[in-house]
Amino acid sequence: ALRTYVIMTIVSALIATAGLLLDSPAVVVGSMVIAPLVGPAMAASVGTVVHDDDLFRRGVRLQVLGLVLSVGAGFAFAFAVRYVHLVAPIADVTTVPEVQERAAPDFLSLVIALGAGVAGIISLTTGVSTALVGVMIAVALIPPAATVGIGLAWGQPLVSLGSAVLVLVNVLSINLAALVVLWYKGYRPQHWFRLDEARTATLRRIGTLAVAILVLSAFLG
């Protein structure tokens, strides 16, 4: 399962990078269809509210792994595009609208990420297919992560910084929204004596996520 996750994440990031450099929204959307990021994002939130530390840590680790792989794959592919001359040279990637959109995010990006988190956890708790929700979550994570790699390959730190902030805000917002919805819907540990520990952990993580998002949102403004 881990090997499949790694392979699918890398392939998704490569396709997203190609779509960004080609300024092709259709290709970028196609990359999101195969991105397997919905599971880890939901696992971390479920692990928190039911006080399953192993599930929480696994969800966090897989999210970090997925983002690192996406940035690395985006950088490697963009580096090859730039220096192996696979396509016509692009002197300034900020002139590519699909790249510029991720390099200079605004508050609407925060709304998208929160909506993705809410939709993801509702689909999980109601038994609705998570396929489309997975695409929604990938919208918030894969293209911005690939843009970080593109900025590194082109030696443009502001592109990488802007898109990195967007990635962080989005991943934190998705986790925050999922946590709040799960707790609101009444998900708790099976054993009553673990309720206080689960409540404390959930409230602490909600507070930490909210503060981090507020700090990072200053960059979005």
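## Ser 70 in helix α4

Ser 70 sits in helix α4, which covers residues 53-83; helices here are DSSP runs of H or I with at least four residues, numbered from the N terminus. This is a predicted model, where local features need pLDDT of at least 70, side-chain atom pairs count only at pLDDT 80 or more, and totals for chains, interfaces and linings use all residues. Residues are numbered from 1 along each chain as its sequence is written, and side-chain values use heavy atoms, with hydrogens and water left out.

Is Ser 70 buried or exposed? Its relative accessibility is 0%, so Ser 70 counts as buried (buried means under 20% relative accessible area, exposed over 50%, and partly exposed in between, with a 1.4 Å probe and protein chains only). Setting aside neighbours within four places in sequence, Ser 70 is in contact with Thr 9, Ala 13, Ile 142, Ala 145 and Ala 146, where contact means heavy atoms within 4.5 Å. Take Ala 145: 75 residues separate it from Ser 70 along the chain, yet their C-alpha atoms are 5.8 Å apart.

## Val 139 in helix α7

Now to Val 139, which has its place in helix α7 (residues 131-153). Val 139 has a relative accessible area of 29%, so it is partly exposed. Not counting residues up to four places away in sequence, Val 139 touches Met 32 and Pro 144. Val 139 and Met 32 are 107 residues apart in sequence, but 6.2 Å apart in space, C-alpha to C-alpha.

## Helix α3 and what follows

Helix α3 runs over residues 38-49. With 12 residues, α3 reaches 17 Å from its first C-alpha to its last, close to the 16 Å expected at 1.5 Å a residue; the expected span is 1.5 Å times one less than the number of residues. Why call α3 largely enclosed by the rest of the structure? Because 10 of its 12 residues are buried, among them Val 38, Pro 40, Met 42 and Thr 48.

After α3 comes His 51, with a positive phi near 60 degrees. Most residues other than glycine have a negative phi. With a relative accessible area of 13%, His 51 is buried. Its side chain makes a polar contact with the side chain of Glu 197 at 3.0 Å (a polar contact is a pair of N or O atoms within 3.5 Å; within protein, one must be able to donate a hydrogen and the other to accept it, and residues adjacent in sequence count only if both atoms are side-chain atoms). Beyond its neighbours within four places in sequence, His 51 is in contact with Pro 189, Arg 194, Glu 197 and Ala 198.

## Another positive phi

Asp 23 is a residue other than glycine with a positive phi, near 55 degrees. Asp 23 is found in the loop between α1 (2-22) and α2 (25-33). At 33% relative accessibility, Asp 23 counts as partly exposed.

Helix α8 takes in residues 157-184, and its 28 residues should span 40 Å at 1.5 Å a residue; the end C-alpha atoms are 40 Å apart, which agrees. Of those 28 residues, 21 are buried, so α8 is largely enclosed by the rest of the structure. Just after α8, Gly 186 takes a positive phi of about 90 degrees.

Thr 202 belongs to helix α9 (residues 195-220). Thr 202 has 0% relative accessibility, so it counts as buried. A polar atom of the Thr 202 side chain lies 2.8 Å from the backbone oxygen of Ala 198. Leaving out neighbours within four places in sequence, Thr 202 is in contact with Thr 48, Val 49, Leu 179 and Trp 183.

## The cavity

How many cavities of 30 Å³ or more does the structure hold? There is one. On a 1 Å grid over the protein atoms alone, a cavity is a set of points where a 1.4 Å probe fits but cannot get out, and lining residues have an atom within 4 Å of a point. The largest cavity has a volume of about 30 Å³, a volume being the space filled by probe spheres set on the points. Its lining is made up of Leu 37, Gln 63, Leu 67 and Leu 141.

Methods
On a 1 Å grid over the protein atoms alone, a cavity is a set of points where a 1.4 Å probe fits but cannot get out, and a pocket is an open set with protein on both sides within 12 Å along at least five of seven lines; lining residues have an atom within 4 Å of a point. Helices (H or I, at least four residues) and strands (E, at least two) are DSSP runs, numbered from the N terminus.
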